[in-house]
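Subject: Structure handover

Hello,

Please find the structure below. My notes on it follow.

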Amino acid sequence: MDGRPAPAPYTVLYPLGGAVGGAPFADAAEDATLTYQVTVVAARVDQAEWLADRVRRAFLARTPAGGWESELAVPRVAVWGRELVVDEAGDSPTADIATYVQQYKLSATASA
């Protein structure tokens, strides 16, 4: 944005890493658990809560048939589990900004 800050509200996605079970994840049929943090930044607490609700729905909502409402398209990886592990209510560290932190754990299996 030409060196200017993004207008609020917005989200920042941070990869926090995770564990791989068995052989290297690049091998077919190996599992990984990966954690990501989403930090919502807004001008007001109600904006932060509104956007956090939208993020939560994007990660966790299911269709009536049981599938994920929002697919995560990752080449050669099947994301089969999603879990909200941290959901910290809106915080207002200063009068000009409010934040909301969520962490999601994704379970995935490498596929050929």
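Buried here means under 20% relative accessible area, exposed over 50%, and partly exposed in between, with a 1.4 Å probe and protein chains only. By that cut-off, 29% of the 112 residues in the protein chain are buried.

On provenance: this is a predicted model, in which local features need pLDDT of at least 70 and side-chain atom pairs count only at pLDDT 80 or more, while totals for chains, interfaces and linings use all residues. Residues are numbered from 1 along each chain as its sequence is written, and side-chain values use heavy atoms, with hydrogens and water left out.

The protein chain has one helix and four strands (DSSP runs numbered from the N terminus: H or I of at least four residues for helices, E of at least two for strands). Their order from the N terminus is β-β-α-β-β. Of the contacts (heavy atoms within 4.5 Å) with a separation of 6 or more, 59% join residues 24 or more positions apart.

In general, an α-helix has 3.6 residues a turn, so residues three or four places apart point the same way.

Two backbone items are worth a look. The A8 to P9 peptide bond is cis, with omega near 0 degrees; P9 sits in the segment before strand 1 (10–21). R76, not a glycine, has a positive phi of about 60 degrees. R76 is in the loop between helix 1 and strand 3 (77–94) and counts as exposed at 63% relative accessibility.

Regards
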